[in-house]
Amino acid sequence: MNIVDLRSDTVTKPTPKMIRAMFKAKLGDDVLEEDPTVKILEKKTAELFGTEDALFCPSGTMTNQIAIKLHTQPMSEVICDKLSHVYNYETGGIAFNSAASVRTLNGDRGRFTASELIENINPDNIHHPISSLVCVENTTNKGGGAFWDFQEIKKIHHVCNLHKLKFHMDGARIFNALTETKLNPAEYGKIFDTISICFSKGLGAPIGSVLLGNKQDIERAKRIRKVLGGGMRQAGLLAAAAIYALDNHIERLNIDHERARHLGETINKLPFVSELLPVDTNILVFNLVDSYPKEKFIEKMNNNQIKVIGFGKQTIRMVTHLDINDKMIQKVIRTLKLL
Ligand SMILES: *Cc1c(COP(=O)(O)O)cnc(C)c1O
């Protein structure tokens with residue numbers, strides 16, 4: 001059997017049908033705003049989330065970093081959870097790109113409350129950085145795929161309005177959240193100033209993210225994308241894959257969630273696992289007991305052609321995705337029981 005790669009949902013390869021859609025795409029120079037397929041993707045995502053406009057970018061890191069740049073000035077502060085991707089996994093980009101500082105909150109699996117936010121907004125005083133932007137991540141990656149309660153998001157939005165804070169959602173896995181909440185994406189579009197969505201995670205496209213927002217912000221975002229080196233020429237090739245993914249790979253996400261839960265039932269019973277975070281979507285995060293070193297676990301899995309990723313001191317992450325099937329899940333379960 002092939003290698004079972006559970007390291008991330010980014011490891012998927014484009015399907016033959018997706019590749020066919022890519023090769024059929026009409027192309028132009030997108031820096032000159034002449035790529036018809038990129039335009040279709042931007043229009044389609046903006047309509048889906050009910051925002052005025054959208055911008056296609058090479059990565060989710062770039063869409064997040066553009067949003068942070070849009071909503072801050074040097075000496076600003078970004079407020080986010082301590083587990084968030086914008087803080088942990090974007091190479092210190094908040095400082096590098098935006099010369100802003102970060103206030104991290106101690107949330108529950110990457111989700112904080114409106115009252116925790118209120119306590120962390122700086123008073124208007126020259127000693128403090130200026131609280132400017134609030135970022136939420138949905139679903140949370142380091143929080144084990146947890147999705148947010150929409151009522152709490154609305155409360156946070158209310159606080160943002162009162163304190164004139166901008167509100168950004170890192171929705172790299174927003175379609176996984178939507179699969180569980182059954183919310184209309186436009187509900188998010190109404191609330192957030194900007195939303196970043198990824199096609200290269202659960203949706204299975206090779207490359208690409210979109211930043212959603214109003215006309216004015218997206219117009220400025222084009223300039224920031226350019227200075228970051230993210231202007232792409234015949235990008236319709238990639239946009240076609242994203243369009244195909246939107247049309248064909250959203251409805252199947254519940255299968256990934258079901259497989260993750262199934263795997264979770266086994267992991268929960270393993271004697272060398274001390275804690276598994278609740279499995280809410282397609283991500284499993286669990287801790288190994290101290291007597292079972294993480295490196296040994298990863299090596300044993302690798303010896304069985306199963307790839308997983310270390311995610312902290314004794315922590316392992318597994319992610320289900322488009323290229324994982326039931327037979328592979330059975331193999332992983334069999335292997336885990338014999339470790
Ligand atoms: C993957 C991911 C991103 C973006 O990552 P890229 O690899 O730059 O596309 C952003 N936020 C979260 C939560 C992610 O998991």
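Colleague: What makes strand E10 (residues 283-288) and strand E13 (residues 315-319) a pair?

Modeller: Two strands pair if DSSP finds at least two bridges between them. E10 and E13 share five, running in the antiparallel sense, so they qualify. Phe286 stands opposite Ile316 in E13. Bear in mind that this is a predicted model: local features need pLDDT of at least 70, side-chain atom pairs count only at pLDDT 80 or more, and totals for chains, interfaces and linings use all residues. Residues are numbered from 1 along each chain as its sequence is written, and side-chain values use heavy atoms, with hydrogens and water left out.

Colleague: And what counts as a strand or a helix?

Modeller: Both are DSSP runs numbered from the N terminus: E for strands, at least two residues, and H or I for helices, at least four.

Colleague: Which sheet do E10 and E13 belong to?

Modeller: An open one of four strands, ordered E9-E10-E13-E12 with antiparallel pairing.

Colleague: How do you know whether strand E8 (residues 209-213) is enclosed or open?

Modeller: Count its buried residues, where buried means under 20% relative accessible area, exposed over 50% and partly exposed in between (1.4 Å probe, protein chains only). Five of the five in E8 are buried, so the strand is largely enclosed by the rest of the structure. Ser209, Leu211 and Gly213 point one way, Val210 and Leu212 the other. E8 pairs antiparallel with strand E2 (residues 53-57) over five bridges, and Leu55 stands opposite Leu211. Strand E7 (residues 194-198) is also antiparallel to E8 over five bridges, with Ile195 opposite Leu212.

Colleague: How many aromatic pairs turn up in the whole structure?

Modeller: Ten. Take Phe112 and Trp148: ring centres 5.2 Å apart, planes at 85°, so this is an edge-to-face pair. The cut-offs are centres within 6.5 Å for Phe, Tyr and Trp (its six-membered ring), with planes under 30 degrees apart stacked, over 60 edge-to-face and the rest tilted. Phe112 sits in the loop between strand E4 (101-105) and helix H6 (114-119), Trp148 in the one between strand E5 (130-137) and helix H7 (150-162), 36 residues apart.

Colleague: Why is the Tyr188 and Phe192 pair classed as it is?

Modeller: Its centres are 6.3 Å apart with 40° between the planes, and that falls between the stacked and edge-to-face limits, so it is tilted. Both residues are buried.

Colleague: What makes Lys142 sit over the ring of Phe311?

Modeller: The test wants NZ of Lys or CZ of Arg within 6 Å of the ring centre and within 35 degrees of the ring normal. The charged end of Lys142 is 4.8 Å from the centre. Lys296 likewise lies over the face of Tyr292, at 4.5 Å.

Colleague: Is Met75 buried or exposed?

Modeller: Its relative accessible area is 63%, so Met75 is exposed. Gln305 also has a positive phi, about 60°, but at 38% relative accessibility Gln305 counts as partly exposed.
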